[in-house]
Amino acid sequence: MQTVFAMAEEKMGKTLSALKNEYSAMRAGRANASVLDKIRVDYYGTPTPINQMAAVAVAEARILTIQPWDTSTIHAIEKAIQSSDIGINPSNDGRIIRLVFPQITEERRKDLCKEVKKMAEDSKVSVRSTRRDCIDKVKKMEKASEITEDDLKHAEKKLQDITDKYIKDIEKLSEEKEKDIMEI
């Protein structure tokens, strides 16, 4: 039965991690190096993440600098950023690429908050689905006489407690991201 709890913790933890990654990649008007995480640059025939080819730093609140270790790759990096979906036009001085994040409008912030809420709700659904799957496993164990009815009740309560903890974590993360978006 402990394996069922461990599986629930693992799956719900992965859901929370995935949500954190999605939130960190959201562009909220502030320079954030994680917006580049999904972009790959063709580096001698190999798709390579930008942070493995260059030093990425936040120069100011809304400016991100990318300094390639090999300056011959500057145009490839710039091209990869332009063809990505981040919507920021890079500028370079021959050594450093600068990404200036534009100020976002109130309407765009509200749209981003709706997106944050939708992502949070999807994550909650995933957590609840994991709980349901685990409860089904425990019920099968009880039907097969591997555990008692009391064990079943105890397991259902423990799974609900685990679920409640992750739902609370998701809500907290969502509130923090909404606050971050609205205070810019």
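Which residues in α1 meet which residues in α4?

Mentor: Happy to. Please keep in mind that this is a predicted model. On the α1 side, the residues of the contact are Gln2, Val4, Phe5, Ala8, Glu9, Met12, Gly13, Leu16, Leu19, Lys20 and Tyr23. On the α4 side they are Ala155, Lys158, Leu159, Ile162, Thr163, Lys165, Tyr166, Asp169, Ile170, Leu173, Ser174 and Lys177. Sorted by class, the contact of α1 with α4 has 13 nonpolar, four polar and six charged residues.

Now for the geometry. Two packed helices are described by the angle between their axes and the distance between the axes. Helix α1 covers residues 2-25 and helix α4 covers residues 149-182; their axes come within 11 Å and cross at roughly 10°. An angle under 35 degrees counts as roughly parallel, so α1 and α4 are roughly parallel to each other.

Helix α4 has another partner, α3. The axes of α3 and α4 are 10 Å apart, and the angle between them is about 170°. Angles over 145 degrees count as roughly antiparallel, and α3 and α4 are therefore roughly antiparallel to each other. In the contact of α3 with α4, 16 residues are nonpolar, four are polar and 13 are charged.

Two residues of α4 deserve a stop. Take Leu159 to begin with: beyond its neighbours within four places in sequence, Leu159 is in contact with Val4, Phe5, Ala8, Arg131, Cys134, Ile135 and Val138. Then look at Lys177, which is also in helix α4. Lys177 has 9% relative accessibility, so this lysine counts as buried. If residues up to four places away in sequence are set aside, Lys177 touches Tyr23, Met26 and Val116.

Four strands form an open sheet in the order β3-β4-β6-β5, with antiparallel pairing. Its edge strands are β3 (54-60) and β5 (91-92), each of which pairs on one side only. Val56 stands opposite Ile66 in β4. Across the other pairing, four bridges join β4 (residues 63-68) to β6 (residues 97-100). There, Ile66 stands opposite Ile97 in β6, while Thr65 stands opposite Arg98.

Strand β4 is mostly covered, with five of its six residues buried. Leaving out residues up to four places away in sequence, Ile63 touches Ala31, Ala57, Val58, Leu99 and Val100. Ile63 and Phe101 are 38 residues apart in sequence, yet their C-alpha atoms are 6.2 Å apart in space.

Key
Residues numbered from 1 in each chain as written. Predicted model: local features only at pLDDT ≥ 70, side-chain atom pairs only at ≥ 80, totals over all residues. Heavy atoms only, no water. Pairing = 2+ DSSP bridges. Axes fitted to C-alpha atoms, helices over the stretch in contact; angles between N-to-C directions. Parallel < 35°, antiparallel > 145°, perpendicular 65-115°, else oblique. Contact = heavy atoms within 4.5 Å. Nonpolar A, V, L, I, M, F, W, Y, C, P; charged D, E, K, R; others polar. Buried < 20%, exposed > 50% of the residue type's maximum accessible area, 1.4 Å probe, protein only.
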